[in-house]
2 protein chains.
Amino acid sequence: MATALEYASARQAQQWDQLQEFLRIPSVSTLPAHKPDVERAAEWVRSHLAEAGMEHAVVIPTGGHPLVYADWLHVAGAPTILCYGHYDVQPAEPLEEWQSPPFMPVLRDGNIYARGAADDKGQLYAQMQAAEAFLRGEGRLPVNLRFLIEGEEEVGGEGIEAYVRRNAAALGCDAVLITDTTQFAAGLPTLNTGLRGMVYAEVRLRGAEADLHSGLYGGVAPNPLEALARIICGLKDASGKILIPGFYDALRPPSAAEAADWARLPFDAERYRSEEVRAAALSGELEYTPLERVWARPTLEVHGIAGGFTAAGAKTVIPARAAAKISMRLAPAQAPAAMAAAFERRVRELTPAGFTLEVEILHTAEPVLVESENRYLRAAAHALEQTYGRPPVLVRSGGSIPIAALFAQTLGAPVVLMGFATPDCGAHGPNEKLPLANLQQAVATVIRFFAAAAQSA
Amino acid sequence: MATALEYASARQAQQWDQLQEFLRIPSVSTLPAHKPDVERAAEWVRSHLAEAGMEHAVVIPTGGHPLVYADWLHVAGAPTILCYGHYDVQPAEPLEEWQSPPFMPVLRDGNIYARGAADDKGQLYAQMQAAEAFLRGEGRLPVNLRFLIEGEEEVGGEGIEAYVRRNAAALGCDAVLITDTTQFAAGLPTLNTGLRGMVYAEVRLRGAEADLHSGLYGGVAPNPLEALARIICGLKDASGKILIPGFYDALRPPSAAEAADWARLPFDAERYRSEEVRAAALSGELEYTPLERVWARPTLEVHGIAGGFTAAGAKTVIPARAAAKISMRLAPAQAPAAMAAAFERRVRELTPAGFTLEVEILHTAEPVLVESENRYLRAAAHALEQTYGRPPVLVRSGGSIPIAALFAQTLGAPVVLMGFATPDCGAHGPNEKLPLANLQQAVATVIRFFAAAAQSA
């Protein structure tokens with residue numbers, strides 16, 4: 001490992017040159033005009049994995065953008081790690097808010113500025129460099145390695161989902177390493193141990209056959225917007241408690257140790273409210289802390305209500321139809337299918353007479369919980385402590401990374417979520433950045449993680 | 001009067017020719033391309049009022065489409081009637097649903113088919129013909145008469161509102177005759193004695209400064225769509241009762257006699273539900289009959305909810321802002337200003353902490369109640385009974401005719417709402433029609449109304 005660390009450390013100038021090449025490819029997966037760029041980025045990843053010494057490096061077509069796969073499987077008895085990342089990026093608009101062009105990476109004040117610097121090209125490149133440092137520096141890896149890299153993370157990830165479900169046996173591994181998250185605070189080594197799951201539904205109601213005039217029919221015509229309001233109020237009370245029977249039954253609260261860890265995090269609720277959420281008051285279940293609410297409690301949110309008239313001015317329509325988009329974030333160990341069914345039952349029960357109801361579940365994701373007794377998490381913690389001189393904080397995220405749940409579920413392997421981006425990295429926004437030092441710490445930490453994973457076997 | 005009736009009866013062929021001319025002008029007030037047609041229609045009304053023998057016939061410009069005014073004021077001691085109607089029409093689209101072109105009037109099965117046949121050119125023309133029958137047939141009218149005809153009824157009527165407010169003194173009259181409504185059932189003589197008023201509001205809420213992701217912030221971020229749902233549920237309960245303090249205090253229920261009249265109307269609630277409202281169930285205050293709910297009870301309706309994401313698919317946004325369009329229909333004697341203030345107070349009280357609230361009142365209209373002890377209503381009832389051989393039914397409408405409230409309020413004159421269109425006349429829809437017999441009955445009834453109004457003085 002010492003040689004690998006030296007190799008990586010000696011090549012910082014080349015790393016920066018190479019990463020610039022990667023960041024210059026505008027691989028915006030959602031824009032059809034960028035399809036050739038997306039393919040160029042896939043090929044860039046493939047060829048650099050091959051140059052790094054990885055074997056069987058291939059670009060795998062999907063219904064959408066391609067996957068890149070490579071492996072190196074020569075240490076009998078050692079564990080196999082599957083490295084995941086994505087080479088596609090979000091659109092860069094609004095371009096006028098960027099201080100330097102999004103696809104012309106620059107170093108400014110020690111930060112790499114470019115679309116994808118943090119999410120996820122920079123962090124993916126760190127994994128690739130860690131593999132290269134072993135393979136080119138020492139001639140071998142201490143573990144078996146697979147890379148499975150996608151180009152549709154920003155657009156739903158359908159290709160990788162289908163591929164992993166179909167090829168679970170061929171992707172056999174002992175752990176999955178994902179470097180696509182952020183540090184809890186800048187410079188604070190961070191391991192993510194949980195993600196919320198998701199059920200996203202559309203609730204559609206029909207009242208009368210056609211829109212009616214509220215003068216002539218107000219008082220007798222069923223109003224589906226009003227019925228939706230009643231359904232929403234019947235799904236969640238003003239204190240944030242979800243009113244779906246059985247909803248909390250399977251919920252596993254964080255352990256006392258985990259809750260105690262969170263209480264020690266450098267977190268200022270007042271600053272979080274005023275500078276991050278930027279609202280006059282935080283909402284939700286006030287008997288839980290904000291971090292508990294976001295990381296460990298399920299929530300139900302309304303995203304939009306369609307139907308009727310919303311343009312400027314006044315129209316006195318009672319719409320025939322209305323629909324609401326409503327999602328639930330699930331906490332461990334709430335099963336999406338069961339929650340979706342309970343949701344639909346509750347909505348049906350809340351629908352007033354006179355309406356035709358349709359509930360469509362648009363998508364779901366499993367919540368993910370990485371058990372802290374997991375040896376790969378310990379290996380990651382050990383690696384982070386070696387790099388940063390202090391043990392990592394263990395946090396969760398309130399978001400859902402469907403691929404993490406899919407890996408955990410389909411491959412039966414624990415997922416290690418190590419994030420090296422800073423909380424203010426601006427992923428998805430203008431002036432996205434990654435400190436160059438964080439890139440170097442990421443490479444060193446992944447090298448140490450591979451070594452620690454081998455030793456802990 | 002006998003001579004006037006004979007005059008009208010002898011001129012039915014000419015009437016049909018003249019009305020065809022009027023109906024052929026596509027005076028669609030909402031379409032700028034039809035502005036010359038709208039002006040042509042105004043001039044048509046002016047010149048025919050002058051030919052009828054009305055004096056001072058003028059086209060009066062407004063900020064929008066012009067008004068037409070004429071008068072004949074030569075019977076000292078007799079009451080003055082102001083005749084109101086409108087010469088503009090709704091767009092005719094979808095054209096492919098018309099059996100004959102909307103602006104090529106035809107007689108089919110005894111019905112005049114054309115855009116505007118019922119709403120309101122045919123009914124306006126009946127008033128003009130009644131005046132002509134007296135002035136050309138008898139050389140004089142039994143009452144003093146003013147005509148005030150507008151061309152913006154289908155687009156808000158701002159011009160006439162400003163004009164009436166500014167010239168109330170010059171429009172002095174004892175009663176206003178409006179022929180722009182329908183019969184309760186085909187062939188059933190009908191007087192309308194009440195209209196609901198209106199408060200139309202937009203409620204706007206802001207939670208956080210910017211849209212937030214429901215994964216990262218669901219559970220702490222204030223959700224204005226959810227807050228709007230709570231406000232809506234707090235404004236009206238599931239049984240249709242409005243929960244605004246003081247809302248019902250000024251409400252004047254229909255008299256026992258009026259309610260008894262309604263109970264005798266030929267009304268089949270089941271048929272109304274299945275054929276007119278076309279819903280699986282009627283909503284609202286079930287302790288009142290459907291007619292009472294629509295005519296005499298106030299209601300509160302949500303017309304649209306803006307904010308967040310309503311396109312196809314799933315987006316996990318917690319919007320920063322959301323807005324609802326909500327209107328109340330007011331029953332006599334609820335004052336719009338007081339109801340608007342009570343609404344705003346209640347919305348403020350229902351707004352959860354953490355939100356910035358704005359309530360904008362977009363417009364209001366007074367409810368109208370024509371006292372049945374009114375002599376002009378009795379004159380109208382007498383006239384209808386002479387024409388139809390049976391006394392009219394007294395109904396109300398749940399809609400609001402702002403001009404009716406304005407006349408009542410500004411001119412201090414009772415409003416007589418006599419409708420000759422059939423309930424299935426298709427106003428605003430394709431294949432609009434008016435039975436030719438109804439036109440002739442309308443002319444005769446207005447003649448008799450003028451005579452009865454003079455005698456009752």
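Of the 457 residues of chain A, 56% count as buried, a residue being buried if 20 or more other C-beta atoms, placed from the backbone, lie within 10 Å of its own. This is a predicted model, in which local features need pLDDT of at least 70 and side-chain atom pairs count only at pLDDT 80 or more, while totals for chains, interfaces and linings use all residues. Residues are numbered from 1 along each chain as its sequence is written, and chains are lettered from A and ligands numbered from 1 in the order in which they are written.

**Chain A as a whole**

The secondary structure of chain A comprises 14 helices and 18 strands, which are DSSP runs numbered from the N terminus, with at least four residues for helices (H or I) and at least two for strands (E). The table gives the overall dimensions of chain A.

| Property of chain A | Value |
|---|---|
| Radius of gyration | 24 Å |
| Box filled by the C-alpha atoms, along the principal axes | roughly 80 × 50 × 45 Å |

The radius of gyration agrees with the value near 23 Å that a compact globule of 457 residues would have, where the radius is taken over C-alpha atoms and the globule rule is 2.2 Å times the number of residues to the power 0.38. Among contacts in chain A between residues at least 6 apart in sequence, 79% join residues at least 24 apart; two residues are in contact if their C-beta atoms, placed from the backbone, lie within 7 Å.

**The two copies**

Chain A can be laid on chain B with an RMSD of 0.2 Å by a turn of 180° and a shift of 0.1 Å along the axis, the superposition being by least squares on the C-alpha atoms of residues with pLDDT of at least 70 in both. The two copies are therefore related as by a two-fold rotation axis. The same surface serves both copies, since 100% of the contact residues of chain A recur in chain B. The residue of chain A that comes closest to the rotation axis is A:Ala229, at 2.1 Å (C-alpha).

**Where the chains touch**

In all, 64 residues of chain A are in contact with 65 residues of chain B. Elements that each supply at least two residues of this side of chain A include α7 (224-235), β13 (321-330) and β14 (356-365), and β11(A) gives the most, with 7 residues. By class, the side of chain A that touches chain B has 31 nonpolar, 22 polar and 11 charged residues, where Ala, Val, Leu, Ile, Met, Phe, Trp, Tyr, Cys and Pro count as nonpolar, Asp, Glu, Lys and Arg as charged, and the others, Gly among them, as polar.

Definitions and conventions:
A residue is buried if 20 or more other C-beta atoms lie within 10 Å of its own, exposed if 12 or fewer, and partly exposed in between; C-beta atoms are placed from the backbone.
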